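Me: I have a structure to go through for class, and I would like to ask some questions about it. Could we take it piece by piece?

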Amino acid sequence: MGPTTDAGEPESARSRLRDGIDFFGNFLRNPGSIGAVVPSSRYLARALVGRLELQPGELVVEYGPGTGPVTSAIRASLPPGARYLGIELDTRFHDLLTSRYPDLDFHLGSAADIVAVLAQRELPRPLRIISGLPFASLPPAVQDGVADGIVHCLHGTAGDFRTFQYVHAYGLRAARRFRDLMSERFASFERIGPVVRNVPPAFVLRYWGAR
Ligand SMILES: C[S@@+](CC[C@H](N)C(=O)[O-])C[C@H]1O[C@@H](n2cnc3c(N)ncnc32)[C@H](O)[C@@H]1O
């Protein structure tokens, strides 16, 4: 692993290239659960994270941090005293994240198990859930489990759920299915973008307010 900046971002073009190669290798091993060929750009990461507006003790959870481009943006915006938990299914990515961001907490497992993971770690319900999960390629049962977990965490709070979907895959049945699941459960929805400085371009989606 290459050296990192204070914000935990890979410092050099060489580190970013190595992340890209690792990411592509993982995509070839598990195309469905990785769901992208390269990590997100810093532009998409910033659009996704925006302002966190957390108080001390409040929690932000990241689903599917991968090699960490969104993690870096969250870390740079994390107010003092706020907490972070990343949930990553892939062992290689989990190993990379724990050594790249030693000050952050990462769980190896599925985002669909958020309720049990929070209980196990004695963490409060998060106020922000920021997801890099590839919903367009996740099976319906996983989508349902993830959606139920998001509802459990966010209903009755002032929190929100943020994710992105690639423009070229936006109309796919699985991508639409996930948006339908979320629209049935959340009263408010916002779509930002597309963010074109990303390969491929992507929309940022935000859901909040219980239905
Ligand atoms: C499209 S990549 C996004 C990676 C990173 N957030 C980015 O934007 O570059 C999807 C990530 O979700 C992870 N993932 C897939 N299914 C998951 C699940 N059920 N729970 C947690 N992580 C999962 C993959 O291992 C991968 O790291």
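This is a predicted model: local features need pLDDT of at least 70, side-chain atom pairs count only at pLDDT 80 or more; totals for chains, interfaces and linings use all residues.

Me: Is Glu-122 buried or exposed?

Reply: Glu-122 has 6 C-beta neighbours inside 10 Å, so it counts as exposed. The cut-off for exposed is 12 or fewer.

Me: What is the phi of Glu-122?

Reply: Its phi is near 55 degrees, a positive value in a residue other than glycine. Most residues other than glycine have a negative phi. Glu-53 also has a positive phi, of about 50 degrees, although it is not a glycine.

Me: Where is Glu-53 found?

Reply: Glu-53 sits in the loop between α3 and β1. It is partly exposed, with 13 other C-beta atoms within 10 Å.

Me: Let us step back. How many helices and strands does the protein chain have?

Reply: There are 8 helices and 7 strands in the protein chain. The radius of gyration is 16 Å, close to the 17 Å that the globule rule gives for 211 residues, so the chain is as compact as a globular protein of that length. Along its principal axes, the C-alpha trace spans about 45 × 40 × 30 Å.

Me: What share of the residues is buried?

Reply: Buried residues account for 39% of the 211 residues.

Me: In what order do the strands of the sheet come?

Reply: The open sheet of 7 strands has the order β3-β2-β1-β4-β5-β7-β6, and its pairing is mixed. At the edges stand β3 and β6 (186–195), each with a single partner strand, so one side of each is left without a neighbour in the sheet. Neighbouring strands are turned by 20 degrees against each other on average, direction ignored.

Me: Do β1 and β2 run parallel or antiparallel?

Reply: Strand β1 (residues 59–63) and β2 run parallel, joined by 5 bridges. Within this pair, Leu-59 stands opposite Arg-83 in β2. The chain passes from β1 through helix α4 (residues 69–77) to β2, and this β-α-β crossover is right-handed.

Me: And which sense does the pairing of β2 and β3 have?

Reply: β2 and strand β3 (residues 105–108) pair in the parallel sense over 4 bridges. Here Gly-86 stands opposite Phe-106 in β3. The chain crosses from β2 to β3 through helix α5 (residues 91–100), again in a β-α-β crossover that is right-handed. Helix α5 lies across β2 and β3, running at about 165 degrees to β3.

Me: What about the other neighbour of β1? How many bridges join β1 to β4?

Reply: There are 4 bridges between β1 and β4, and the two strands run parallel. Tyr-63 stands opposite Ser-131 in β4. Both faces of strand β4 (residues 128–131) are covered: Arg-128 and Ile-130 are buried on one side, and Ile-129 and Ser-131 are buried on the other. In a regular strand the side chains alternate between the two faces of the sheet.

Me: Which strand pairs with β5 in the antiparallel sense?

Reply: That is strand β7 (residues 202–210), which pairs with β5 over 7 bridges. Thr-163 has Leu-205 in β7 as its bridge partner. By contrast, β4 and strand β5 (residues 160–166) run parallel, with 3 bridges between them.

Me: Changing topic: which residues touch the most other members of the largest nonpolar core?

Reply: They are Leu-48, Val-61 and Ile-129, in a core of 49 residues. Leaving aside neighbours within four places in sequence, Val-61 is in contact with Leu-85, Ile-87, Ile-114, Pro-126 and Ile-129. In soluble globular proteins, nonpolar side chains tend to be buried together.

Me: Where is Ala-136 placed?

Reply: Ala-136 is in the loop between β4 and α7. With 22 C-beta neighbours inside 10 Å, Ala-136 counts as buried. Ala-136 and Ala-175 are 39 residues apart in sequence, yet 4.2 Å apart in space, C-alpha to C-alpha.

Terms used: Residues are numbered from 1 along each chain as its sequence is written. Two strands pair if DSSP finds at least two bridges between them. A crossover is right-handed if, with the strands pointing away from the viewer, the path from the first strand over the helix to the second runs clockwise. A residue is buried if 20 or more other C-beta atoms lie within 10 Å of its own, exposed if 12 or fewer, and partly exposed in between; C-beta atoms are placed from the backbone. The radius of gyration is taken over C-alpha atoms; the globule rule is 2.2 Å times the number of residues to the power 0.38. Axes are lines fitted to C-alpha atoms, for helices over the stretch in contact, and angles run from 0 to 180 degrees between N-to-C directions. Two residues are in contact if their C-beta atoms, placed from the backbone, lie within 7 Å. A nonpolar core is a set of buried Ala, Val, Leu, Ile, Met, Phe, Trp, Tyr and Cys residues joined through C-beta atoms within 7 Å.
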